[in-house]
Structure formats: C-alpha cells, structure tokens
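Please read the following as a guided walk through one structure. The paragraphs take up individual side chains, helices, strands and the ligand in turn.

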Amino acid sequence: MMEDIATAFPAVKILRNEPLAHYTHTKTGGPADYLAFPTNVQETKSLLAYAKQEKLPVTVVGNASNLIVRDGGIRGLVMILTEMKKITSTGQTVTAEAGASLIKTTQVAQSHALSGFEFAAGIPGSVGGAVFMNAGAYGGEISEVALSAEVLTPAGEIRTLTNEELDFGYRHSSIQDYHDIVLSATFTLTPGDGVAIQAKMDDLNARRAAKQPLDLPSCGSVFKRPEGHYTGQLIQEAGLQGLKWGGAQVSTKHAGFIVNIDHATATDYLELIHHIQEVILKEDNVHLETEVRIIGEKPTTAN
Ligand SMILES: Cc1cc2nc3c(=O)[nH]c(=O)nc-3n(C[C@H](O)[C@H](O)[C@H](O)COP(=O)(O)OP(=O)(O)OC[C@H]3O[C@@H](n4cnc5c(N)ncnc54)[C@H](O)[C@@H]3O)c2cc1C
C-alpha cells in the first residue's frame with residue numbers, strides 16, 4: 001500500500017506531498033506524492049523493488065537543473081539521488097555516485113591534476129543527470145570522458161554499461177531509452193597541470209557568468225540547438241527576447257534561457273515554451289525541440 005512506504009523504509013527520509021518547486025532550478029513544479037532520499041545503492045534498489053511490487057510509478061531526479069515538473073506534480077514515488085554523492089579518484093579515473101554534483105566532481109579531478117573535465121566546471125547537474133543528458137559545454141561532453149556507468153535496470157538488476165553501451169549522442173544516452181537508473185559513473189581523464197586545469201575552469205566559468213543569467217532561477221538552455229541555427233539568435237530575431245509570460249521571462253541576457261522573475265509556475269514556463277516554438281516554426285520553419293525534460297501531471301484546474 002502507498003501509505004506504507006515510509007513505514008517500510010524507516011531508515012530512508014521520505015516526504016509526503018512534497019512540492020518539487022523546492023528542488024527544481026526553475027523554482028516551479030507541483031508536489032511528489034512521495035519524495036525519497038536514498039543514501040546508497042541498496043536503498044535505491046529496495047525502493048525500486050517495493051514500488052514495483054506496489055505498482056507505484058517511479059521517477060528519478062538528480063539536481064533538478066534540467067527539469068520542468070508540471071504544476072499537477074508527480075504521482076507515485078520520486079527518488080532524488082542527491083544524498084548518494086561520494087566521489088573518489090584512482091589513477092587517471094574519477095568515480096562519482098549518481099547524486100554527486102558534477103561541479104564538485106570536476107573539482108576533484110582538478111585536485112588530482114586530471115585534465116579533460118574542465119568543460120563541465122559550471123554545469124549545475126548531478127553526475128547521474130549529466131550521464132542521462134550527455135551534458136556538454138564549450139566543445140566537451142560527458143561522452144568524451146565517461147568510461148562506464150553502473151546502472152539499476154527497471155528489472156532491478158545492477159549492470160555496468162560501457163561508454164559504447166551508453167550510446168551517447170547530442171543530449172542523448174541509452175539511459176533515456178531503457179529507463180535505467182544511473183547509480184554511479186567512472187570518468188577517465190588525462191594527467192595534467194593542476195594550476196592550468198584550474199585556470200581553464202575559471203576561464204570557462206567567467207565566460208558562462210558573462211553570458212548566462214546565473215542570478216535568476218532557470219533550467220539552462222530550454223531548447224536543443226537546431227541544425228544550422230543558433231537558438232538564442234532565432235529567438236532574438238523573432239523579437240521574443242524579454243517577453244514575459246506570467247512570472248516567466250525570456251532572459252534579456254541570453255535568449256535561450258527562460259528565467260523565473262516573479263513566482264512563475266510550470267504552466268507559465270510551458271506556455272511560453274509553446275509560444276516560442278509556434279513563432280519560430282511560423283517565422284523560420286524551424287522546430288525547436290526542448291532540451292529541458294518535462295515531466296509530471298497537468299494541474300487539474302488548468303486542463
Ligand atoms: C544555469 C544552468 C546552466 C546549465 N548549463 C548547461 C550546460 O552548459 N550544458 C548542459 O549540458 N546542461 C546545462 N544545464 C542543464 C543541466 O544542468 C544538465 O542537463 C544536467 O546534466 C542535468 O543534471 P541534473 O542532475 O540536474 O538532472 P535533472 O534535472 O534532475 O534530471 C534531468 C533528467 O535526467 C534524469 N535523471 C537524473 N538523474 C538520473 C539518474 N541518476 N538516473 C537516471 N536518470 C536520471 C531525470 O529523470 C530527468 O529526465 C544547465 C542548467 C542550468 C540551470
């Protein structure tokens with residue numbers, strides 16, 4: 001029974017009817033029926049098995065930096081993996097649990113004078129979310145440094161997937177197709193000079209701060225880059241930069257971002273996204289596909 005989940009896992013923090021707006025980087029989104037914070041692989045595995053047995057839908061979330069959760073929230077069990085956050089380094093590799101901050105993982109690589117991870121120094125996701133998305137920036141992406149990932153399959157088996165099996169593409173990995181849960185990932189890097197690595201990370205972060213509205217809540221780039229175009233430029237040229245929709249606004253600093261300027265709802269975000277897609281399709285005949293993942297239920301009142 002759903003009511004029993006917190007009783008069944010007394011050692012795991014499980015919140016009921018918890019607003020996900022407290023966790024998402026857009027500061028929007030409805031409640032999770034149950035929000036669990038597993039701290040290790042065994043807890044994650046047991047929660048998944050329990051949910052399967054009770055026929056509860058399961059959703060996995062990392063740092064919620066690439067997510068819009070609809071205002072109706074998420075039914076069933078949401079597992080947020082941010083308490084699974086150990087990071088270790090051996091030789092030329094760094095291994096991080098799924099909920100570890102990607103930014104901290106790049107800092108551990110730097111502290112071991114390992115190069116190759118600098119591109120991710122400012123990506124505010126978790127390691128699991130970064131593998132799921134094949135996150136990338138400044139010419140680098142996860143596919144170039146990932147050696148393998150340990151996953152929990154929907155059938156409850158733990159498997160190690162190689163880089164090849166992860167089937168990385170532009171903002172794509174096999175995790176999206178097979179609905180595995182990433183438990184940890186190992187990255188293989190190159191020995192370098194710690195000071196030079198830090199300088200490169202600082203430079204990329206300064207470039208990021210100059211271009212992106214980091215002072216306001218957002219989900220990063222809302223849309224994938226359409227072939228042959230720059231999203232921000234299309235949006236700017238269509239006169240949509242600065243457009244406000246409820247409490248959401250097309251960022252005046254970077255037109256590819258939508259910022260929460262005044263208690264925006266997920267519905268504000270989604271309607272603005274839809275409007276941008278319609279205008280760009282009409283004006284440029286380009287379909288802007290969302291990079292941000294949109295999950296959860298519509299609010300019953302806005303159906
Ligand atoms: C200011 C800002 C700047 C950003 N800059 C960049 C950038 O430069 N490059 C870039 O690529 N992205 C960028 N992003 C987007 C985001 O940080 C990345 O996509 C990141 O990889 C998402 O990780 P997350 O843990 O936040 O994932 P979440 O948002 O929590 O989840 C994203 C998806 O991954 C799934 N997921 C998360 N964890 C797991 C797991 N352990 N197992 C299975 N599935 C999982 C979720 O179900 C969801 O579908 C930016 C976002 C912000 C807010």
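Asp-203 has a relative accessible area of 38% and is therefore partly exposed; the classes are buried (under 20% relative accessible area), exposed (over 50%) and partly exposed in between, computed with a 1.4 Å probe on protein chains only. The model is predicted, so local features need pLDDT of at least 70 and side-chain atom pairs count only at pLDDT 80 or more, while totals for chains, interfaces and linings use all residues. Residues are numbered from 1 along each chain as its sequence is written, and side-chain values use heavy atoms, with hydrogens and water left out.

Asp-203 meets Arg-207 in a salt bridge with an N to O distance of 3.5 Å. A salt bridge here is a side-chain nitrogen of Lys or Arg within 4 Å of a carboxyl oxygen of Asp or Glu. Arg-207 is also partly exposed, at 43% relative accessibility. Helices (H or I, at least four residues) and strands (E, at least two) are DSSP runs, numbered from the N terminus. An α-helix has 3.6 residues a turn, so residues three or four places apart point the same way.

The whole structure holds 7 salt bridges. One of them joins Glu-83 and Lys-85, whose closest N and O atoms are 3.7 Å apart. Glu-83 is partly exposed at 36% relative accessible area, and Lys-85 is partly exposed at 48%. Another salt bridge links Arg-171 to Glu-291, with the closest N and O atoms 3.3 Å apart. Arg-171 lies in the loop between strand 12 and helix 5 (174-178), and Glu-291 in the loop between helix 8 (266-284) and strand 18 (293-295), so this pair ties together parts that are 120 residues apart in sequence. Both Arg-171 and Glu-291 are buried.

What about a charged residue without such a partner? Glu-18, in strand 1 (residues 13-19), is buried yet has no salt bridge, and the nearest side chain of opposite charge, that of Lys-13, is 7.3 Å away. The side chain of Glu-18 does make polar contacts, with the side chain of Tyr-23 at 2.8 Å and with that of His-22 at 3.5 Å. A polar contact is a pair of N or O atoms within 3.5 Å; within protein, one must be able to donate a hydrogen and the other to accept it, and residues adjacent in sequence count only if both atoms are side-chain atoms.

Next come the strands. Of the 7 residues of strand 11 (residues 146-152), 5 are buried, so the strand is largely enclosed by the rest of the structure. Strand 11 pairs antiparallel with strand 13 (residues 181-188) over 6 bridges, and Val-151 has Val-182 as its bridge partner in strand 13. Pairing requires that DSSP finds at least two bridges between two strands. Strand 11 also runs antiparallel to strand 12 (residues 158-162), with 5 bridges joining them; Glu-150 is bridged to Thr-160 there. The hairpin of strand 11 and strand 12 has 5 residues between the strands, and in it Gly-156 takes a positive phi near 95 degrees.

Thr-44 lies in helix 2 (residues 41-53) and is buried because its relative accessible area is 0%. Leaving aside neighbours within four places in sequence, Thr-44 is in contact (heavy atoms within 4.5 Å) with residues including Leu-152, Ile-181 and Leu-183.

In helix 3 (residues 102-111), the buried residues are Leu-102, Thr-105, Thr-106, Val-108, Ala-109 and Gln-110. The elements covering them include strand 13 and helix 6. Ser-101 caps the N-terminal end of helix 3, with a side-chain oxygen 3.2 Å from the backbone nitrogen of Ile-103. Just after helix 3, Ala-113 takes a positive phi of about 55 degrees.

Finally, the ligand is surrounded by 35 residues, the closest being Val-60, Gly-62, Ser-65, Ser-126 and Gly-136; a residue is near if one of its heavy atoms lies within 4 Å. A backbone N or O atom of Val-60 lies 2.6 Å from a ligand oxygen atom, and one of Asn-63 lies 2.8 Å from a ligand oxygen atom. For Gly-136, a backbone N or O atom lies 2.6 Å from a nitrogen atom of the ligand.

Note on methods. Lys and Arg count as positive and Asp and Glu as negative; His and the chain ends are not counted.
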